[in-house]
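Please read the points below with the chain open beside you.

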Amino acid sequence: MNRRWLELYEEIDGARGQKKDWLNGLVVQVRRAAEKKLCATFEPYRIRPRGDVIEIAPRSDGATIQTQKAFVPAIALSELPALQNARMSFRVKLRADHKAIEQYTISVVGEERTSQRPWYARIDLDPQQRGQGPCGHPLLHCHVGVDHTEKNPQETRVPLPWLAPDAAVQWVLATLDPRFEP
């Protein structure tokens, strides 16, 4: 087995327990998006802890993202150079003691402005290793595609180095708008 894949796994698994205010980090990134007019100014206030989960609170008139299992609350994104009708959602699950991240998902869906084709990007941190070895289904990985509700056996998972949930939000937004590049 390639030693680098094992090192990457160990780096990611060890970083789950960083001492950090996960909620505040997410609020800061959404506040930055609001300041750049990518979302409404009230959106940072929708990020709430609920037990051991940090997520976007639903609104009766709010945006959603359809997943394979349900519609989840989302933040409407506007003024993106390449996407229209864009929405971002995230969910961070902490371990019971709230001292470590068990898993998270950051998703953005929308339509390409020029072709009107569906587009999505999603970053997943899985609770444990899946698949055959660290490369078979990387612990922290990104999906990019044209239809986030379809799955097929050839789905691409691109491995990522450790990204805290707030850094993952910043990374996804930076792929959509260069003003978010660090």
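**Notes on the strands, core and loops**

1. In strand E6, the bridge partner of leucine 77 is alanine 86. Leucine 77 belongs to strand E5 (residues 75–77), which pairs with E6 in the antiparallel sense over 3 bridges. Two strands are said to pair if DSSP finds at least two bridges between them. Strands (E, at least two residues) and helices (H or I, at least four residues) are DSSP runs, numbered from the N terminus. E5 and E6 form a hairpin with 5 residues between them, and glutamate 79 in that turn has a positive phi of about 60°.

2. A word on the source: this is a predicted model, in which local features need pLDDT of at least 70 and side-chain atom pairs count only at pLDDT 80 or more, while totals for chains, interfaces and linings use all residues. Residues are numbered from 1 along each chain as its sequence is written, and side-chain values use heavy atoms, with hydrogens and water left out.

3. E6 (residues 83–94) also pairs with strand E2 (residues 53–56), antiparallel and over 3 bridges. Here glutamate 55 has arginine 91 of E6 as its bridge partner. With strand E7 (residues 101–112), E6 pairs in the antiparallel sense over 10 bridges. Arginine 87 stands opposite valine 109 in E7. A hairpin is formed by E6 and E7 too, with 6 residues between them; histidine 98 in its turn has a positive phi of about 65°.

4. Strand E1 and E2 pair in the antiparallel sense over 4 bridges, and arginine 50 stands opposite valine 53 in E2. Their hairpin has 2 residues between the strands, and glycine 51 in the turn has a positive phi of about 65°.

5. Which way do the side chains of E2 point? Val53 and Glu55 point one way, Ile54 and Ile56 point the other way, and all are buried. Buried means under 20% relative accessible area, exposed means over 50%, and partly exposed is in between (1.4 Å probe, protein chains only). In a regular strand the side chains alternate between the two faces of the sheet.

6. Strand E9 is largely enclosed by the rest of the structure, because 5 of its 6 residues are buried. E9 pairs with E8 in the antiparallel sense over 6 bridges, where alanine 121 has valine 144 of E9 as its bridge partner. Strand E10 (residues 158–159) is joined to E9 by 2 bridges, and these two strands run antiparallel. Cysteine 142 stands opposite valine 158 in E10.

7. Histidine 143 lies in E9 (residues 140–145). Is histidine 143 buried or exposed? Histidine 143 counts as buried because its relative accessibility is 2%. A polar contact of 3.1 Å joins its side chain to that of histidine 141. A polar contact is a pair of N or O atoms within 3.5 Å; within protein, one must be able to donate a hydrogen and the other to accept it, and residues adjacent in sequence count only if both atoms are side-chain atoms.

8. The largest nonpolar core has 45 residues, of which Leu77, Met88, Phe90, Tyr104, Ile123, Leu140 and Trp162 touch the most other members. A nonpolar core is a set of buried Ala, Val, Leu, Ile, Met, Phe, Trp, Tyr and Cys residues joined through side-chain atoms within 4.5 Å. Leaving aside neighbours within four places in sequence, methionine 88 is in contact (heavy atoms within 4.5 Å) with residues including Val30, Ile56, Ala74, Leu77 and Leu173.

9. Alanine 74 is in the loop between strand E4 (71–73) and E5. Alanine 74 counts as buried because its relative accessibility is 0%. Not counting residues up to four places away in sequence, alanine 74 touches several residues, among them Arg46, Ala63, Arg87 and Met88.

10. Two loop residues deserve a look. Lysine 37, in the loop between helix H2 (22–35) and strand E1 (47–50), has a positive phi of about 65° although it is not a glycine. Lysine 37 counts as exposed because its relative accessibility is 54%. Glutamine 116, in the loop between E7 and strand E8 (118–125), has a positive phi of about 60° and is not a glycine either. With a relative accessible area of 43%, glutamine 116 is partly exposed.
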